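Me: I am new to this structure and would like to go through it slowly, one question at a time. Please look at it with me.

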Amino acid sequence: MHHGQYDNGGDLLVAHLKSLGIDTVFGIVSVHNLPLVEAVDRELRFVPVRHEATAVNAADGYGRARGSIGCALTSTGTGAGNAAGSLIESLSAGTAVLHVTGQVDSAHLGSGRGFIHETKDQLGMLRAVSAHAATVTSARDAGRLLREATAAALPAPGGPASIEWPIDLQYAAQHDDGAPVPAATAPVPDPAVLAVARALLASARRPLIWAGGGATTARAQLLALLEATGAGLLTSNSGRGSVPEDHPLVIGNFATTPPVRALLADADVLLTIGTHFRSNETADYTLKLPAAHIQIDLDAAALGRAYPVRHALHGDAAAVLPVLAEGAVRADADWSARVRAVREDVRAALHEGIGPQAAVCDALAAALPRGAVVARDVTIPSSSWGNRLLPIHDPRANVFPRGGGIGQGLGMGIGAALARPDEPTVVIAGDGGLAVHLGELLTVAQERPRLTLVVFNDGGYGVLRNMQDKYSERRSGVDLFTPDFAPLAAACALPYARIAAESDAAPVLRAALASDGPTLVEVDLDALGPMKHPFTPPVSIPTTA
């Protein structure tokens, strides 16, 4: 809580950010946010990204890497609109971002006169892509609105909170009474339903647990239950690292593989925690789950939405899991042994199937400190092995676009690297995705984070190319002009290295990760050689008889 008089809105914003422990803010300066940017740059670290979408992605990555919240500053109209796609990502992921955007002078707001940077119903746009949105209407309410936005963004299920701030009210002296915002209370499951669910879990001899993003705030409780039951642990991509992935009972993000489908068919109870069963992780919902399904979620709407549930527990996993563990009984020994065998089998099969790219995966796993951030854009290496095989031991290390939007990985990685400057951060990107925000190489060059950008170069959109090669007779829009990355890196004053053979991977990545600054590493996929089986996205294609 903070209160008092402030010379302008920028000073008030800085006080609020300091109260949250935020030391770095991402954005683009404008005539409609100048007081905010100037105050942040004076008191904290302002990172001038090259696109408003990246401001939100970087703030998102910063918050994920810290397990807290990040802040992005954008301008009015087009600037706020540019941020919308990245706000959708944060909304999809339920990650905490405080997005503060400018607005025209309050006297002209909503007049439709074509005032510079004005857009029709900016607040309506922000409401559509944010978990919370509000307008500052006086110099006495800005502090309260900032606290309300933060209170909406931080607790699960969370998401981005947007504040639009008219420029005249940014320049005005601010008075904040510091009144606290009431904290949200977590729901509590019906005791009778919880008791029946506990009895069901205690009766299980072949249990499985599926951890989604909602399990990442209940890590100790999940580990205790896992070890008490000897269950196998599946995860969604978002739930990775809830239990360190070198634990022998962690199968991981492999639910749709044949061995795990067989486990699901034979399991007598499945407990799912904070997962929304996304289409790409359930083979478009064709994955079959056990009928004895216990589901925990903070979001009441998620219970039973994708799959039938026998016992729906509307509550906080950190509070519910210890109650379920009270009656825990060990699984049959042969079931736990089968879980451990399946864990090894699915990893070995994927490792073998990705061919020469396994050398890159192995080199990253060997060179990265435990818990270091691996930010992954949407690209073949991420979708095939980065999201499954590359080990994640801490959910704060697991940074990726959960909504599936291409081109967001570099911005997220920049934010994560600046959130955790004392350890290396890796970004896995494709040449197509990198091109979406190629200008952010200049941000990397300017800020010099300890970031290794690994660009897998296949000359276009490889995922969709493989899809068209499999299902179509021609290619459309997938083969793209790709820059020569060596001189591009040199033009941006970035060290450059190339992986063209499996033997290059370990020394190149070891040296890049040992550096105290940025490095661009190109993986030349034509030279390295293809995967054994071309990767295609897990989407359904209608076929005609």
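Me: Which residues of strand 20 lie on one side and which on the other, and are they buried or exposed?

Reply: This is a predicted model, in which local features need pLDDT of at least 70 and side-chain atom pairs count only at pLDDT 80 or more, while totals for chains, interfaces and linings use all residues. Residues are numbered from 1 along each chain as its sequence is written, and side-chain values use heavy atoms, with hydrogens and water left out. In a regular strand the side chains alternate between the two faces of the sheet. Thr519, Val521 and Val523 lie on one side of strand 20, Leu520, Glu522 and Asp524 lie on the other, and all of these are buried (under 20% relative accessible area, where exposed is over 50% and partly exposed in between, with a 1.4 Å probe and protein chains only).

Me: In strand 20, what is the bridge partner of tyrosine 496?

Reply: Strand 19 (residues 496–499) runs parallel to strand 20 and is joined to it by four bridges; strands are DSSP runs of E with at least two residues, helices are runs of H or I with at least four, both numbered from the N terminus, and two strands pair if DSSP finds at least two bridges between them. Strand 18 (residues 451–457) also pairs with strand 20 in the parallel sense, over six bridges, and there valine 454 stands opposite valine 521. For tyrosine 496, the bridge partner in strand 20 is leucine 520.

Me: How many residues of helix 15 are buried?

Reply: Helix 15 covers residues 409–419 and is mostly covered. Its buried residues include Leu410, Met412, Ile414 and Leu418, as well as Gly409 and Ala419. The number of buried residues in helix 15 is eleven of eleven.

Me: At what angle do helix 10 and helix 12 pack, and what is their relative direction?

Reply: Two packed helices are described by the angle between their axes and the distance between the axes. The axes of helix 10 (residues 258–266) and helix 12 (residues 333–353) are 10 Å apart, at an angle of about 160 degrees, where axes are lines fitted to C-alpha atoms, for helices over the stretch in contact, and angles run from 0 to 180 degrees between N-to-C directions. Angles under 35 degrees count as roughly parallel, over 145 as roughly antiparallel, 65 to 115 as roughly perpendicular and the rest as oblique. At about 160 degrees, helix 10 and helix 12 are therefore roughly antiparallel.

Me: Which residues of helix 12 meet helix 10?

Reply: From helix 10, the residues taking part are Pro259, Val260, Ala262, Leu263 and Asp266. In helix 12 they meet Trp335, Arg338, Val342 and Val346.

Me: Where is glutamine 122, and what is its relative accessible area?

Reply: Glutamine 122 is placed in helix 5 (residues 122–129). Leaving aside neighbours within four places in sequence, glutamine 122 is in contact (heavy atoms within 4.5 Å) with residues including Thr76, Gly77, Thr101 and Glu164. Glutamine 122 is buried, and its relative accessible area is 2%.
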